[in-house]
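Hi everyone, thanks for coming. I'd like to take a few minutes to walk you through one structure, so please have a look at it first.

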Amino acid sequence: WTNTTGWSRVSDAGNQVAQGDGNSGAVATWRNAAASDYTFNSRVKITSTNSVTATSGLILRSDAGTGGYGPDHNEYYFGIYPGRSQWKLWRVAAGAFGANPVASGSQTFSLNQYYTLSVKAVAGALTLYIDGSAKVTYPNTSTYTDPSPYAYTAIGLRTRNAVAYFDDVRVDAPAPAASSFYRYNAVTGALSGDGGDEVFGG
């Protein structure tokens with residue numbers, strides 16, 4: 001992972017999780033996903049906010065794979081917004097979010113409660129889930145046509161104007177490709193394991 005400031009490991013009821021303190025816009029990205037097509041999951045719990053625009057969620061199809069996160073990347077962002085009672089999907093172009101999300105929906109999100117965000121990325125399509133419930137498949141040509149869907153492979157975590165916990169972060173490549181499962185050693189800092197790519201999990 002390539003981390004900006006604001007990230008740490010903390011204990012949540014005895015479970016080691018990644019905490020993003022996004023009061024100034026914390027962002028962490030992994031250098032590359034397991035495959036061009038993948039399923040990306042994380043449990044996300046926002047514990048506090050300092051703005052109605054506070055959000056935490058997943059970075060998808062990012063071109064930040066080799067250079068870390070910066071202000072000029074192309075990517076998608078799938079986030080929950082407790083102050084707005086919404087989830088939103090943004091198409092970020094050269095670091096700019098634009099005036100409106102490319103997909104959104106209404107849902108109540110409470111502080112101090114985990115929500116599982118999942119994305120199935122296959123070719124140019126993204127299917128978004130919250131707690132196992134499908135929200136949208138993007139691009140949806142009835143509402144928005146993406147002239148050039150991103151096909152980059154980097155993924156990441158993002159929190160802004162909020163403090164959030166991320167747990168059970170997992171990346172699985174679709175069959176028949178092999179996947180890898182990683183465990184973090186809090187003492188040595190090493191990643192090890194086998195199975196599917198779980199980067200943060202207790």
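I'll go through strand pairing, then the nonpolar cores, then the aromatic rings.

A word on the ground rules. This is a predicted model, where local features need pLDDT of at least 70 and side-chain atom pairs count only at pLDDT 80 or more, while totals for chains, interfaces and linings use all residues. Residues are numbered from 1 along each chain as its sequence is written, and side-chain values use heavy atoms, with hydrogens and water left out.

Let's start with the strands, which are DSSP runs of E with at least two residues, numbered from the N terminus; two of them pair if DSSP finds at least two bridges between them. Strand β5 (residues 38-49) runs antiparallel to strand β10 (residues 114-122), joined by 8 bridges, and Phe-40 has Val-119 as its bridge partner in β10. On to the next partner: β10 is also antiparallel to strand β11 (residues 125-130), with 6 bridges. In that hairpin, 2 residues lie between the strands, and Ala-123 takes a positive phi near 55°.

Now the inside. A nonpolar core here is a set of buried Ala, Val, Leu, Ile, Met, Phe, Trp, Tyr and Cys residues joined through side-chain atoms within 4.5 Å, where buried means under 20% relative accessible area with a 1.4 Å probe, protein chains only. The largest such core has 35 residues, and Phe-40, Leu-60 and Phe-78 have the most contacts inside it. Strand β14 (residues 162-172) gives the largest share, 5 residues. There is also a second, separate core of 6 residues, including Val-27 and Tyr-81.

Which residues form one aromatic cluster? They are Tyr-76, Tyr-138, Tyr-150 and Tyr-152. Rings of Phe, Tyr and Trp (its six-membered ring) pair if their centres lie within 6.5 Å; planes under 30 degrees apart count as stacked, over 60 as edge-to-face and the rest as tilted. The whole structure has 8 aromatic pairs. Tyr-76 and Tyr-138 are edge-to-face, because their ring centres are 5.4 Å apart with the planes at 70°. Since Tyr-76 sits in strand β7 (residues 75-81) and Tyr-138 in strand β12 (residues 133-138), this pair ties together parts 62 residues apart in sequence. Tyr-76 is buried, at a relative accessible area of 1%. Tyr-76 also makes a tilted pair with Tyr-150, at 5.0 Å centre to centre and 45° between the planes.

Key:
Buried < 20%, exposed > 50% of the residue type's maximum accessible area, 1.4 Å probe, protein only. Helix = DSSP H or I, 4+ residues; strand = E, 2+ residues; numbered from the N terminus.
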